[in-house]
Amino acid sequence: MRPLFPLKPPQRYRTLRSRPKGPPKRTPKFRRPLPFVAVIKELENPNDALNLLQEYQQRGYKHDYPSYSAIIYKLARAQKFEAVDTLLYYIQRNDIRCRESLFDALIQHYGKAQLVEKAIDLFHRIPSFSCERTRQSFNTLLNILVDNNRLADAKNFFNRSSKMGFRPNSISFNIIIKGCLEKGELNEACKLFDEMLQKEVQPTVVTYNTLIGFFCRNGEFDKAMDFLEIMTQKKIWPNAVTYALLMGCLCSLGKYKEAKKTMFDMEYRGCKPGIINFGILINDLGKRGRIDETKSLLLEMKKRRFKLDVVVYNMLINYLCKENKPAEAYKVLVKMQVEGCEPNAATYRMMVDGFCRAGNFENGLRVLNAMLNSKHVPRLETFCCLVEGLLDCRKMHDACFVLGEMEKRKVRFPLENWEALIMDSCGGTAGVNLVNELIDPFK
């Protein structure tokens, strides 16, 4: 008979007599040190990364690619590019094999810091690090060139792609098309679109969205709809972003009802509305001072079990503050935290500015404290507005606290603001003399 259940192999059991001889193993009293990469990730100050590298080397720790890449990522995010160059030189000299993802990330960081020439140089040097250069880093380079207003250079690289051993894909074409449209070169973008078809590179929904977005930004709704029809004929189905672009265009033309109808019609066409679509409608209502009407949309989102993201929460907070309702905006801030959505720097900034505009500087200071504890840094204008308001309310201790936080972050209170404060406080000749006395050392 076959057993009903698979039989497990017989297990061997140890008796007391079969216990191995020798002293029992002692559990270590101290925890083993964390791996180097984990320690690097926990560092708040990137300047400590290189010191830690040397410290571990002195302990006999042998570093490999993960160690160096973790430090480079940390330094690059802080834009400590001289230290990055030092490590890259060491990696190259010691022939440490690297992954292309490291150089891909560095090219992006160079692009964000507007160090385009360094990005180009690194792209050319990738093979010298015993690393194969692929279309991934090529597309990344194209993208940072376009983002840094270097479309001519991007086109030059694109046209020389075959000489470098790359065949442009849809992402490559999409980047150049995006750059052309940002420059208003519609004819050039259409030529590239035709070239895609000639070279049998299939346009994607991103390609069509880029073109549709151009027409929508220019208020040419009918032309945008023409491209929507073309893409559906090609059996490339529009997504939530496609409909969001069309809805945004309708809203900009003052056709809110049509935009709302478009959102509910898209479901019949096989595309479920997303948060981005509801966000378009909420944003339009806020712009027109009808923020109270968003309640029905929020209720609909709740029915669909959508979890609001920081973008939607920021819209609500922004427009409530603009309507001089910071108390209601603060309730939204609390709700988003309860719902597990982390506020970003913009959330806190709008909230502090909203309380300041309403003359509620004490609550503004409370939100600023939460912002600083979350490791976000306010803008200079936000700091200045709060300091001036606290001084007007004779909250000297609180104003000094804010000035101290500014000093910690190397943000200086402008001299002209000091001048205005002193003139308001002292007035007349005494104020002018005191201002001159304070300013003279800085001349």
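Let's start with glutamate 405, which lies in helix α22 (residues 396-408). Helices here are DSSP runs of H or I with at least four residues, strands are E runs of at least two, and both are numbered from the N terminus. Glutamate 405 has a relative accessibility of 8%, so it counts as buried. For that word the cut-off is under 20% relative accessible area, while exposed means over 50% and partly exposed is in between, using a 1.4 Å probe and protein chains only. The side chain of glutamate 405 makes a polar contact with the side chain of lysine 408, at 3.2 Å. A polar contact is a pair of N or O atoms within 3.5 Å; within protein, one must be able to donate a hydrogen and the other to accept it, and residues adjacent in sequence count only if both atoms are side-chain atoms.

A word on the background. This is a predicted model, where local features need pLDDT of at least 70 and side-chain atom pairs count only at pLDDT 80 or more, while totals for chains, interfaces and linings use all residues. Residues are numbered from 1 along each chain as its sequence is written, and side-chain values use heavy atoms, with hydrogens and water left out.

Now for the overall picture. The protein chain has 24 helices and 0 strands. Of its 443 residues, 41% are buried. Take the contacts (heavy atoms within 4.5 Å) with a separation of 6 or more: 58% of them are between residues 24 or more positions apart.

Serine 137 sits in helix α7 (residues 135-147), and with 0% relative accessibility it counts as buried. Not counting residues up to four places away in sequence, serine 137 touches Glu100, Asp104, Ile107, Phe123 and Ile126. Serine 130 is in the loop between α6 (116-125) and α7. Its relative accessible area is 28%, so serine 130 is partly exposed. Apart from neighbours within four places in sequence, serine 130 is in contact with Asp95 and Arg97. The C-alpha atoms of serine 130 and arginine 99 are 9.0 Å apart, although 31 residues separate them along the chain.

| Side chain | Partner side chain | Distance |
|---|---|---|
| Glutamate 405 | Lysine 408 | 3.2 Å |
| Serine 137 | Glutamate 100 | 2.6 Å |
| Serine 130 | Aspartate 95 | 2.9 Å |

Backbone angles are worth a look too. Most residues other than glycine have a negative phi. Serine 130 is not a glycine, yet its phi is positive, at about 55 degrees. Glutamate 200 also has a positive phi, near 60 degrees. That glutamate 200 is in the loop between α10 (186-198) and α11 (205-217), and at 71% relative accessibility it counts as exposed. Arginine 305, which follows α16, has a positive phi near 60 degrees.

What about α16 itself? Its buried residues are Thr294, Leu297 and Met301. Seen down the axis of α16, these buried residues fall within an arc of 60 degrees, so they line one face of the helix; the arc is taken from the directions from the helix axis to the C-beta atoms. As a rule, an α-helix has 3.6 residues a turn, so residues three or four places apart point the same way. The buried residues of α16 pack against α14 (256-265), α15 (275-287) and α17. On the other side of α16, Lys295, Lys302 and Lys303 are exposed.

Then there's the largest pocket, with a volume of about 340 Å³. It has 13 lining residues, and those closest to its centre are Lys295, Leu298, Leu320, Glu328 and Val332. The elements giving two or more residues to this lining are α16 (294-303), α17 (310-322) and α18 (326-338), and α18 gives the most, with 4 residues. On a 1 Å grid over the protein atoms alone, a pocket is an open set of points where a 1.4 Å probe fits, with protein on both sides within 12 Å along at least five of seven lines; lining residues have an atom within 4 Å of a point. The volume is the space filled by probe spheres set on the points, which are joined across faces, edges and corners.
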